[in-house]
Amino acid sequence: MRRISRTHVDPLTKGGKVLNDTSAANKKFQKELNSGTVALVLLCVLGRASEPMYGYQIAKHVGTRYKNLPMMKLGALYPVLRSLENAGLLASQVEPSVAGPPRRYYTITNAGRETLRRWIDIWNQTKSFVDNTLEGMGNG
Amino acid sequence: MGNSIEKYLDQMRRELSGSDPATVKDALADAEEYLRNGVDQLLKNMPKLNKVDALDRVIEEYGTAAEVAAAYKEIETRIVPPFAPPEEANGRSSGARFFGVFVDPKAYASLFYMFFSLATGIFYFVWVTTGLSLSAGLIVLIIGLPFFALFLLSVRGIALVEGRIVEALLGVRMPRRPLFSKKHLGAWGRFVALFTDSRSWFAIVYMFVQLPLGILYFSFFTTMVSLGLAGIAHPVIQYGFGLPFGHFGHTAYYIPLWLTPLVVLVGVLWILITMHLAKFVGRLHGTFAKAMLVRE
């Protein structure tokens, strides 16, 4: 019997071994946090935008407004944009650009706005819950 | 410089080999957009910078091909079509693969689609014939064009829904395409865009073809499933109800007892083969639907 081989071996969960490489643990923690927050941030950026924005513009906007983006590459924003579009929260249209490759312009959909409102609520709840817990730890 | 962007894209293509072609296409388009824009911008701000260094800096921001490809792969696993289970590993033995179809939700979903396609086929066909002939008849009247525009819009809407069905049941990714590729179009501009968009017409053809295909799928798979089930139920039918295997003329044929296990076995195999066929036809139909409904 051949065994199923997985290409990705998760350093944290592999065989329940205790992780001794803290930087990998930090990376994983950060990555897990990002997987939700990046979608919220992108939705928020497009929710505030007055006109459609294309990927590079969005990446630059996020990258320069928020220096030291938490341990992630700008390239990781693009697939999130795609998945938000797939979920119907964003819409996009491709337009040729004067120089260079055609640009995909993203706009937020009504469903996206609705979702953004709910996500902001969820985020605020999560934030205050975490903040309260962390403060409690600091005082105690 | 063009060379190294090409190199980056090649590397990305290699990293993503085995992913859905749509994902690969997305990833390459996204990377090209960022890298070209990034390098142009950087060279504009720092004209003294050498092109290779500029690209290096931009890649530093964007992430290496491997890093970015990993992000796409991760997202891809998260956005697999709803209800469609992830592809099982190919590492199983051929026997396990053959019999495993009994517990493969994909096979059941495909089979369900085969039955369901008769209903959708009838609906699509009626909708399209009615819509087209009414549009043709009303074209001389003032409501002719608005009616035709509404009809075309409805076709695109139905194409989107059919795309969701295909994605859910056949597991073929059907990327959403924007209805209008330009913004700020007036009503007339939108109509012209709809009318001249080949996707509208391909969707209409698809809706026509779905009826004959639906009839074919439905009758074929109903026959196959009934034959298989008849084989499996044979002992109950012959010894429980006393019904014969078949009537030819005035003679009723019964199967001898020693053959009964064989008939049941053939019935089971028959169903297995039917389910494999359903999966196969489902894949074919998914490819067809993808080509017709979400053309680039």
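Contact here means that heavy atoms lie within 4.5 Å. With that in hand, let us work through some exercises on this predicted model, in which local features need pLDDT of at least 70, side-chain atom pairs count only at pLDDT 80 or more, and totals for chains, interfaces and linings use all residues. Residues are numbered from 1 along each chain as its sequence is written, chains are lettered from A and ligands numbered from 1 in the order in which they are written, and side-chain values use heavy atoms, with hydrogens and water left out.

**Exercise 1. Chain A**

Describe the make-up of chain A, from its contacts to its surface.

Step 1: Start with the contacts. Of those in chain A with a separation of 6 or more, 48% are between residues 24 or more positions apart.

Step 2: List the elements. Helices (H or I, at least four residues) and strands (E, at least two) are DSSP runs, numbered from the N terminus. Chain A has four helices and three strands, and their pattern along the sequence is α-β-α-α-β-β-α.

Step 3: Look at burial. A residue is buried under 20% relative accessible area, exposed over 50% and partly exposed in between, with a 1.4 Å probe and protein chains only. In chain A, 36% of the 140 residues are buried.

Step 4: Finish with the surface. Accessible areas come from the Shrake-Rupley method with a 1.4 Å probe, and for residues only the protein chains shown count as cover. Chain A exposes about 9,300 Å², and 55% of this is supplied by carbon and sulfur atoms.

**Exercise 2. Chain B**

Step 1: Chain B has 11 helices and two strands. From the N terminus, the order is α-α-α-α-α-α-α-α-α-α-β-β-α.

Step 2: Of the 296 residues in chain B, 42% are buried.

Step 3: Among chain B contacts between residues at least 6 apart in sequence, 73% join residues at least 24 apart.

**Exercise 3. Helices α2(B) and α3(B)**

At what angle do the axes of α2(B) and α3(B) cross, and which residues make the contact?

Step 1: Axes are lines fitted to C-alpha atoms, for helices over the stretch in contact, and angles run from 0 to 180 degrees between N-to-C directions. The axes of α2 (residues 21–45) and α3 (residues 51–62) of chain B come within 9 Å and cross at roughly 125 degrees.

Step 2: Angles under 35 degrees count as roughly parallel, over 145 as roughly antiparallel, 65 to 115 as roughly perpendicular and the rest as oblique. The angle therefore makes α2(B) oblique to α3(B).

Step 3: A crossing is left-handed if the near helix is turned anticlockwise from the far one by less than a right angle, and right-handed if clockwise. The crossing of α2(B) and α3(B) is right-handed.

Step 4: Residues in the contact include B:Tyr34, B:Leu35 and B:Leu42 of α2(B), and B:Leu55, B:Val58 and B:Ile59 of α3(B).

Step 5: B:Gln41 also belongs to helix α2 of chain B. With a relative accessible area of 34%, B:Gln41 is partly exposed. Its C-alpha lies 9.8 Å from that of B:Val58, 17 residues away in sequence.

**Exercise 4. Helix α7(B) and two partners**

How are α11(B) and α9(B) oriented against α7(B)?

Step 1: Helix α7 (residues 144–170) packs with helix α11 (residues 260–293) of chain B at about 150 degrees, the axes 10 Å apart. The two helices are therefore roughly antiparallel, and their crossing is left-handed.

Step 2: Among the residues of this contact are B:Gly163 of α7(B) and B:Gly282 and B:Gly286 of α11(B).

Step 3: The axes of α7(B) and α9 (residues 198–232) of chain B come within 9 Å and cross at roughly 65 degrees. That makes α7(B) roughly perpendicular to α9(B), and this crossing is left-handed.

**Exercise 5. B:Ile165**

Is B:Ile165 buried or exposed, and which residues does B:Ile165 touch?

Step 1: B:Ile165 is found in helix α7 of chain B. Its relative accessibility is 18%, so B:Ile165 counts as buried.

Step 2: Leaving out residues up to four places away in sequence, B:Ile165 touches B:Tyr113, B:Phe116, B:Tyr124 and B:Leu170.

Step 3: For B:Tyr113, 52 residues apart from B:Ile165 along the chain, the C-alpha separation is 8.4 Å.
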